[in-house]
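The sequence and model are shown first.

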Amino acid sequence: NVATFEKQLSIIGLSYDWSRKINTTDPDYYKWTQYIFLELYKHYYDAVLQKAQPITELVNRFAKEGNTDNVDGRNVFSADEWNMMNEITKQDILMHYRLAYEGFAEVNWCEKLGTVLANDEIVDSANGPVSERGGHPVEKMRIKQWFMRITAYADRLLEGLEALKWSDHIKEIQKNWIGRSVGSLLSFPILVGKNMDLNIDVFTTRADTLFGVTYLVLAPDHKLVAELLPHAKNAAEVEKYINDAKKKTAEDRTDATKIKTGVELKGVMAMNPATKQEVPVWIADYVLNDYATGAVMAVPAHDERDFDFAKKYHLPIVCVVTPNDLPAMSGDRVSETFEKIISSEMWYTGQGLLRNSGAFDGRGSSDARQDITMFVGGTFTTRYKMRDAVFARQRYWGEPIPLSRDKNGLIHEVKKLPLTLPNVTSYEPTGRAEGPLAGVKAWTDKGFETNTMPGWAGSSWYFLRYVDPKNKKALASNEELSYWKHVDVYVGGAEHATGHLLYSRFWNKFLFDIGVAPSDEPFPELRNQGLIMASDGRKMSKRWGNVVNPDEVVETYGADTLRLYEMFMGPFEDSIAWSTESIIGSRRFIERVWKIAQRVIEEKKATTKIKNTIKTSPETYKLLQKTIKKVGGDIESFSFNTAVSAMMILANDMEKADIVTPQDFKMFLQILSPFAPDVSVELWVLLGEKKTIQHAGWPTYDEKVLIETSARISVQINGKMRGMIDVAVDANKDDIVAMAKMHPDVMRHLGEREIVKTIHVPNRLINFVVRE
């Protein structure tokens, strides 16, 4: 693949510095990917300092002070208790803090293929999700995986977006993906007989609607479901629903267009902490266990999804917030208004004044949230939609994770890097939900980690390696990193917004924290290119047989034609369908340039002795200066299509011009060369230059020539065009009016009619308003 891509890029003539070529699968490269992983493993995120710190500092703090201040809210212990713990227990506790840590993740397991599948390798069928290859059943399974604690950097990832020169669209995608929400954590006691030892914790941003909660919903895989199931009167029905839910993908479960389903845990009730009333507990697959607390307090009068669910299963709907324009209504009229809303299949999700909320009636939504949260003993917290990133793949060919376990289960860092993949004759799956190296005995005998790194590991920092690609002592030297700092302009597809672009920002911020990366953000400016679609309007794919092979295009039309056509197709950020018919226009433009060059060369031979007295036609020379300025500006703004258009206009003019000097034509070649380097280089040499055009630099334009001394303005009568006149740009209105009246066609149409008003737009038009 590397050889093929390098060949194609070279044929097309893209100007890469091939001495900086890197390969993320090369052990000399992924040695430093492994190094970064170990650094992440050896650090935690200090919420006070807002940066990564060595895990040893946390260990020392635990040894001296314990964790009585409840860092992270996970474990509370004294220094003596910490010091008495065995190493395995300490290891498990520290996993809650490490930036690279081991945990459990839900994966798509295909027993028949014996492997875990990515979401895009699964298709829906009448019997649930099946593998794209073979159509075998796929089920959800929780297995041990490695993770990156990207959520620790959530606030910095959000805040950093503000200063970036990225499109609002991409920023919004990342903001929504991170999904920062400030809200309340509320507890609903579970009522099973006299047992009130269990609580369902719910996160909500609308504590003001608590009095309107009429039921709770748990995710099918919520941790409390197993404890509550034996108390349900319909346990068999609930169990079947849970098993069916396992067959659905997260995307399918949360699809807003699909009808929501659920099942009640009959006999299990919870208590609304505000009203002290019992509310039923349901299980529904649209609630995901890994988002917030995996439980939802349902307020059907003020949430569209809850409203639809309540209407479907005939659950109570209680209105507790009214719009601000209803405060003058009596209680009866307010109730009547909302009865009409409910009966007409509507709900109110906005803010307003509280009703049916006890002592909080009449309070505004925003200020009531805090008081209601305190009233029921809740806490204020910040939650994120973004989850920690799974850092593992079930494929042999990922980078090995440089960790090993001893016989007691203690994890140790591999000191000598790179840790390379074992050489095996076969790496077929073992048939068990485990790492791809689990079947290699020589590997497992040494206790090495059997999972491998995902594809985004090596791609999250490659831009730093470019600055010093052959360094054997560091991922890049401080000197080179300080010089280059960061990527000036990054070009990438919008489809990477929640993947590569987010992971790269996360890794870069971490490397900045530990003094490796020279800047906090890797890509201050981002441009998203549009996709070149196939001629049938679909995305190019081998599946559809509609792929355009650049080798074949170059062989038929030439590399310059391909480059020009791609730049001329349309705006850089637009997705546009490929058209073999349209590419002919770019080819003809190059042929026209060649034809003009031959004429210039012949004229050069004929006028060698008097070359100082020969000048390009004034109009053409002026257009050349304008084009140099425009093309330079268009390149800076990624407006390549308009740059090509401007050069085409110039070529048409040069073709008709009486004289174009070699010197001026060479300036044209200089601005054409980034777009069509091959023909530009060849004509440059034919015009007598010894060095290639790439060493010539960018031509400067003559600003004085671009200053307009005259303007052509239109003359109108009652808004209708009647003629054009040329005037000095600094001419006064009276002179222009006099000239306009002397135009023959204007005189003819004016006749003896009375001019009641004269409209003058400087350097653009004169409009005489006359009586009809």
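The sections below cover the basis of the values, the sheet, the aromatic pairs and the charges over rings.

## Basis

This is a predicted model, in which local features need pLDDT of at least 70 and side-chain atom pairs count only at pLDDT 80 or more, while totals for chains, interfaces and linings use all residues. Residues are numbered from 1 along each chain as its sequence is written, and side-chain values use heavy atoms, with hydrogens and water left out.

## Sheet

Four strands form an open sheet in the order β25-β24-β27-β26, with mixed pairing (strands are DSSP runs of E, at least two residues, numbered from the N terminus; two strands pair if DSSP finds at least two bridges between them). The edge strands, β25 (720–728) and β26 (755–761), each pair on one side only.

β24 (residues 710–717) pairs with β25 in the antiparallel sense over eight bridges. Ile713 stands opposite Ile725 in β25.

## Aromatic pairs

The whole structure holds 36 aromatic pairs (ring centres of Phe, Tyr or the six-membered ring of Trp within 6.5 Å; planes under 30 degrees apart are stacked, over 60 edge-to-face, the rest tilted). Tyr462 and Tyr466 form an edge-to-face pair, at 5.6 Å centre to centre and 85° between the planes.

Phe37, Tyr41, Trp146, Phe391, Trp456, Tyr503 and Trp507 form one aromatic cluster.

## Charges over rings

The charged end of Arg98 sits over the ring of Tyr41, 4.0 Å from its centre (CZ of Arg or NZ of Lys within 6 Å of the ring centre and within 35 degrees of the ring normal). Arg538 has its charged end over the ring of Trp544, 4.2 Å from the ring centre.
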